[in-house]
Amino acid sequence: MAIFDDEPRKKPRQHEIGQDLSLLSVDELSERIAMLRDEIARLEEARAAKGATKSAAEALFRRG
């Protein structure tokens with residue numbers, strides 16, 4: 001039994017910016033593109049939500 005069996009294993013990164021892509025297959029590249037598009041959509045939704053909150057706060061303070 002190894003000493004470090006109880007330590008959680010780190011998940012490998014699915015994609016790292018600037019990573020060498022030459023060893024990836026076309027399918028792997030397609031998967032990464034899809035993953036990054038999903039992440040971009042999630043980021044844009046978060047930005048829109050924060051923008052709406054900021055606009056609402058600014059409108060509230062303009063009234064007073």
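This is a predicted model: local features need pLDDT of at least 70, side-chain atom pairs count only at pLDDT 80 or more; totals for chains, interfaces and linings use all residues.
Glu 58 is partly exposed, at 36% relative accessibility. Residues are numbered from 1 along each chain as its sequence is written, and side-chain values use heavy atoms, with hydrogens and water left out.

Now look at the partner of Glu 58. Its side chain meets that of Arg 62 in a salt bridge, 3.7 Å from N to O. A salt bridge here is a side-chain nitrogen of Lys or Arg within 4 Å of a carboxyl oxygen of Asp or Glu. Arg 62 is exposed, with a relative accessible area of 64%. Why can these two residues face each other? Side chains of opposite charge can pair when their charged atoms come close. Arg 62 and Glu 58 are four residues apart in helix α1, so about one helical turn separates them.

By this rule there are two salt bridges. The other joins Arg 42 and Glu 39, at 2.7 Å from N to O. Both lie in helix α1 (residues 26-63), three residues apart, about one turn of the helix. Arg 42 is exposed at 51%, while Glu 39 is partly exposed at 31%.

Step back to the whole chain. It has one helix and zero strands. Helices (H or I, at least four residues) and strands (E, at least two) are DSSP runs, numbered from the N terminus. Buried residues make up 3% of the 64 residues.

Conventions: Buried means under 20% relative accessible area, exposed over 50%, partly exposed in between (1.4 Å probe, protein chains only).
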